[in-house]
Amino acid sequence: KNKIEIALAGNPNSGKTSTFNHLTGSMQHVGNWPGVTVERKSGQYRKNTQIELQDLPGIYSMSPYTPEEIVARDYLLSNSANAIIDIVDATNLERNLYLTTQLMETGIPVVIGLNMMDILEKQNRPLNIQKLSYGLGVPVVPMSALKKKGLNKAVKKALYIAQEHGEVQFPTYDNRLEVALAEILDVLGNTVPTRQARWFAIKLFERDEKAEATLDLSEMQKKEIEEIIQITEKVFDDDAEAIVVNERYNFVTQLSALCLGERDSISFTFS
Ligand code: GDP
Ligand code: K
Ligand code: MG
């Protein structure tokens, strides 16, 4: 059976469950994720029962600290999702895009479900969606889960990118960080699947022990990676985790500045 799995991911209160409920109707299974009291909701797309939708817990980051982050992260890295619909609250674009950078790095194809467009429209706040899509390198579908607009279009796009065999896009950061990541990728060689290579390079750079534990690295590889990290920390005069956080903020700040405050040629009628 050719089941296709689409994950709905995003910050808390971005509209994931509203979207999920509309897309699945009554065809839902509700339970808990294994070993934790985090609710798990999955269901079939009511227009095509071959498509399974996952309503992931709301998170701000893919760090391994809260049960919600761990659940979302383990699920996405298990590679069972064919595509992610990243539900972004358009009224809080900059904050929401911080997670987007990390979702893109999982190597799973991402489409942005740019939600709450009815509010943006009502408040007459302009946003250039074409520039947002161009700046991220992924499709952006404007929608309103409240007004039930654009939701099926987001699924359609997700299906399309799931079946595309093109290269997955990642945000790129300051060249000094990119050099370090390229060196880590060299050390890793083919120990990690190509699709997840950037994710692991960044996590290893952040000294993420949970990510490291899932790889079978030699002592030599660990030593070489630690040397790369320490050199880069000297170059930036900052610690590795903070370097990545700052680079993500720089990326989303620049991107937000590029697309907020102006319109594009697409017009909406969501309110
Ligand atoms: P989740 O935490 O991501 O699952 O978000 P929910 O689906 O629970 O939505 C959070 C709140 O935002 C609820 O009060 C929704 O009714 C509201 N909401 C969701 N989508 C929209 C939208 O497109 N427009 C407006 N105006 N409100 C929305
Ligand atoms: K909620
Ligand atoms: Mg929810």
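In the predicted model, the lining of the largest pocket is made up of eleven nonpolar, seven polar and four charged residues. These 22 lining residues include Gly107, Gly166, Glu167, Val168 and Gln169, which are the ones that lie nearest the centre of the pocket. Two helices, H6 (151–163) and H8 (197–205), are the elements that each give two or more residues to this lining. The volume of the largest pocket is about 540 Å³. Because domain 1 (4–169) and domain 2 (175–237) both contribute residues to its lining, the largest pocket lies between the two domains.

Ligand 1 is surrounded by 15 residues, the closest of which are Asn13, Lys16, Thr17, Ser18 and Asp118. By residue class, the shell around ligand 1 consists of five nonpolar, eight polar and two charged residues. Helix H1 (16–24) and helix H4 (117–122) each supply at least two residues of this shell, and the largest share, three residues, comes from H1.

Oxygen atoms of ligand 1 take part in polar contacts with both side-chain and backbone atoms of the protein. In the side chain of Ser18, an N or O atom is placed 2.6 Å from an oxygen atom of the ligand, while for Thr17 a polar side-chain atom lies 2.8 Å from an oxygen atom of ligand 1. A backbone contribution comes from Ala145, a polar backbone atom of which is 2.9 Å from an oxygen atom of ligand 1. Taken alone, ligand 1 exposes 580 Å², and 71% of that area is buried by the protein.

Backbone geometry was also examined, with attention to positive phi values. Met116, a residue other than glycine, has a positive phi near 70 degrees, and this residue is found in the loop that runs between strand E6 (110–115) and H4.

Definitions and conventions: Residues are numbered from 1 along each chain as its sequence is written. Chains are lettered from A and ligands numbered from 1 in the order in which they are written. This is a predicted model: local features need pLDDT of at least 70, side-chain atom pairs count only at pLDDT 80 or more; totals for chains, interfaces and linings use all residues. Side-chain values use heavy atoms; hydrogens and water are left out. A residue is near a molecule or strand if one of its heavy atoms lies within 4 Å of it. A polar contact is a pair of N or O atoms within 3.5 Å; within protein, one must be able to donate a hydrogen and the other to accept it, and residues adjacent in sequence count only if both atoms are side-chain atoms. Accessible areas come from the Shrake-Rupley method with a 1.4 Å probe; for residues, only the protein chains shown count as cover. Helices (H or I, at least four residues) and strands (E, at least two) are DSSP runs, numbered from the N terminus. Ala, Val, Leu, Ile, Met, Phe, Trp, Tyr, Cys and Pro count as nonpolar, Asp, Glu, Lys and Arg as charged, and the others, Gly among them, as polar. On a 1 Å grid over the protein atoms alone, a cavity is a set of points where a 1.4 Å probe fits but cannot get out, and a pocket is an open set with protein on both sides within 12 Å along at least five of seven lines; lining residues have an atom within 4 Å of a point. Grid points are joined across faces, edges and corners, and a volume is the space filled by probe spheres set on the points. Domain bounds come from an automatic or database domain assignment.
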